[in-house]
Amino acid sequence: MSATEKDKDSNGAAVRAPLLERNLAAAGDAKKNSSSSPVIVAPDARKSDLEDLYRDLPITEETSCGIGIIRGAWLQRFATKNVYVLVYGLLGCIFSASYAYSNGIITTLEKRFKIPSKTIGVITVGNDFTQLFVSVFLSYYAGKGHRPRWIAFGIYTVVLYCLLTALPHLMYGPGEDSLALTVEHGAVFDRNASREERDKMERKLMCALEGQPAIQCDAEEGNLAPVAILFLAQLVSGIGGSLYYTIGVSYMDDNIKKDKTPALISFSYFLRMLGPCIGYALASFCLKLYISPSLSPTIDNTDPRWLGAWWLGWIILAALLFLFASVLGLFPKMLPRAAARRAAAKELKEKEGGVAEEHSSASLKDMLLTFKRLMQNPTLMCNNAASVFYFFGYMPYWIYMPKYIETQYRQSASSSSLVTGTVGIVFSGIGILLSGLVITKYRPNARQMALWNTFVGLVSAAGIISYIFLGCPDNDSYGGLLKPNGELETSFQCNAGCLCEYVKYSPVCASDGYTTYISACHAGCRDYDRLPSGAKVYQNCSCIAPLPGNATTLLHETTTLATTTPAASPRPFGTDTFTAGGIATPGACPVDCSHMFYMFLAVVCVLKFSGATGRATNFLVSVRCVEEKDKPVAMGLGITLMSLFAFMPSPIFFGYLMDATCLVWGKTCSGNGNCWLYNGESLRYLLNLTSAGFVLIGTLFDAGVWYFVKDVQIFDDEDVKPVVSAVQPEAQMYSSKLHLDQAGRRESDDAAAAGCELKDLSQLQNNILNHISQNSDRSGGLPQEEANNKH
């Protein structure tokens, strides 16, 4: 034997001595106390043995942190489950913020590029279209490779998605409509412009003179290039979403003890729940800035024509995603502690006469067999079906919630985005963390978890139905301009000759303070004037009753418009044409929807809390009902099914439903553009009842999960006797059946049998450490303890 081999052998013996002594002492004490009882080692001793095994674990290629030259002991100390959960959660926080930001700027995108809601729905399914075709295959092959690096690659595609989404602004700029509302481009009184030029600009929104329309359709409207770019960006992002959600959580579950999974999973969910808050807050901040921040707008963000800097947030999100993805990619293929537990479990299983489970290499045949196993799993398929219907019903609230708040409660785009992202984050966070703590402490079985998911589904359906009764009556009336069939009356005898077809949506409030017209043209206004304060007032509006004689004089002596009751009693709209005409001010008539809005937010908070409590339970049921080797593919299959049957059709379906309730369309040369005004009452009934129906169907499948899940084991030590031996506790994470077999074999009254087992245990520990030492020689790695000491 060479000197080097002797050193290795002596070092190995020195390391193994404490383990052997502890085993002999533990077994000797047990023999004295009861020769017929199994040998039970205290938890502290078992934990100490695992620490010894972990310290002597060599750093191999699979357990080494870093990539290329970015390696070292200083980096290896971060290869722990806590650091991974933190980095993974923060990355998920920024990732989910990007989707929330996208939802927050939808109305601005619609206005800027004249995109209908149904087209927005088609754009958003680009992400799911990619996931449909790549998620299962990527999850299968990436699950057998270096998962952290695959996740980093996926997030890099999301970085590209962010940059592509901002590209239309760099190509087309803020648009002529936005530029026309700035000081620099002549939206206000320009002393250098001629009287004729100023008058022509002001009259674009007013009743036509001499039978000639003041405005024509804009050739810029209906441009499909921005739509194509946005759809391409969504296609690219689908790769990143598929890898993050399928590979990331399976890596976490494989490298964490099963009894600690609920708490750490809940913590990572909590960090990801902060993402929508950040995304909507960022959208609110950016939308408060004008679309071209260097220009000076003449309107504020409460004006429906306001367009915010929707493109700015994408640049910020791209930088943050690139940073966190690069950090996550440095994690090893397997965390060192998980590698130690697996090595111990493998050796123990081989010692007991079993065959250690080996993960087969990637192949088409193995992939098809995996799919067959999953499709024949009733618990998994019922859970996937429940998720499909649940997500289908909830999709419009995730995508169109800011627009829903704007439509129903007359909130600005920035306020809607801020409220959507922040109002429920506290309740969602409390629900996530509380559920994790409850599961960790009380350890409910699979059926109890499935029953809770069913209850959460019922609460969600009831909450959605309650949205129907939380409307704003003043906002629904539209000043009496609605026809009995729910359509908005726009053409009257009083504005018949005004030619208002292509006049842009610029609402004006009549002098009664109640009636809102689509534009000054639709109100029949033929002139305008300015108050001493500089505010514009439209005059000679043939559809509005004139003010009393002294009110006109008062109007020019005050800085604000004093709304008074018309001289004549109001009659049905359009039956009278007032030759003298009344007056109107820019902007919709104010309504107070604050009371119903706060009630709506209260229900949202309740649903956020209840839904968050079901996140951890649903995850545990879904990953425990399949074999460990099938987890990545099972999650990929779930994403594929949800993309095909929920994420893709739902936005398009609900986009059509929303467009069906549109009252005012923006006219383009090629047809209708974006919708400017919705029928709030019809939208509430149609949207909420349809969504609640899909959620209830999903709840029925949750009941099916409750029926089939009765044999699924969530925690490995459920109904298992105390563990025997100092090495065996680490195996309990992989096979509870193994514990029962071992416990049965150790129930012997023969002292000689106990002595034989002590010998077997000693030999087992020698085999484990020799196996690790040989791997270390082949890989050229350093022991874990030595690497940590070098730091």
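## Terms and model

Two strands are said to pair if DSSP finds at least two bridges between them, where strands (E, at least two residues) and helices (H or I, at least four) are DSSP runs numbered from the N terminus. This is a predicted model, in which local features need pLDDT of at least 70 and side-chain atom pairs count only at pLDDT 80 or more, while totals for chains, interfaces and linings use all residues. Residues are numbered from 1 along each chain as its sequence is written, and side-chain values use heavy atoms, with hydrogens and water left out.

Strands of a sheet pair through backbone hydrogen bonds, either parallel or antiparallel.

Strand β1 (residues 508–510) pairs with β5 in the antiparallel sense over three bridges, and Val508 stands opposite Pro586 in β5. Strand β4 (residues 536–541) also runs antiparallel to β5, to which two bridges join it; Cys541 has Gly582 of β5 as its bridge partner, and Tyr538 stands opposite Ala584 in β5.

Buried means under 20% relative accessible area, exposed over 50% and partly exposed in between, with a 1.4 Å probe and protein chains only.

In helix α5 (residues 106–113), eight of the eight residues are buried, so the helix is likewise largely enclosed by the rest of the structure; among them are Ile106, Leu109, Glu110, Arg112 and Phe113. The helix is followed by Lys114, whose phi is positive, near 55°.
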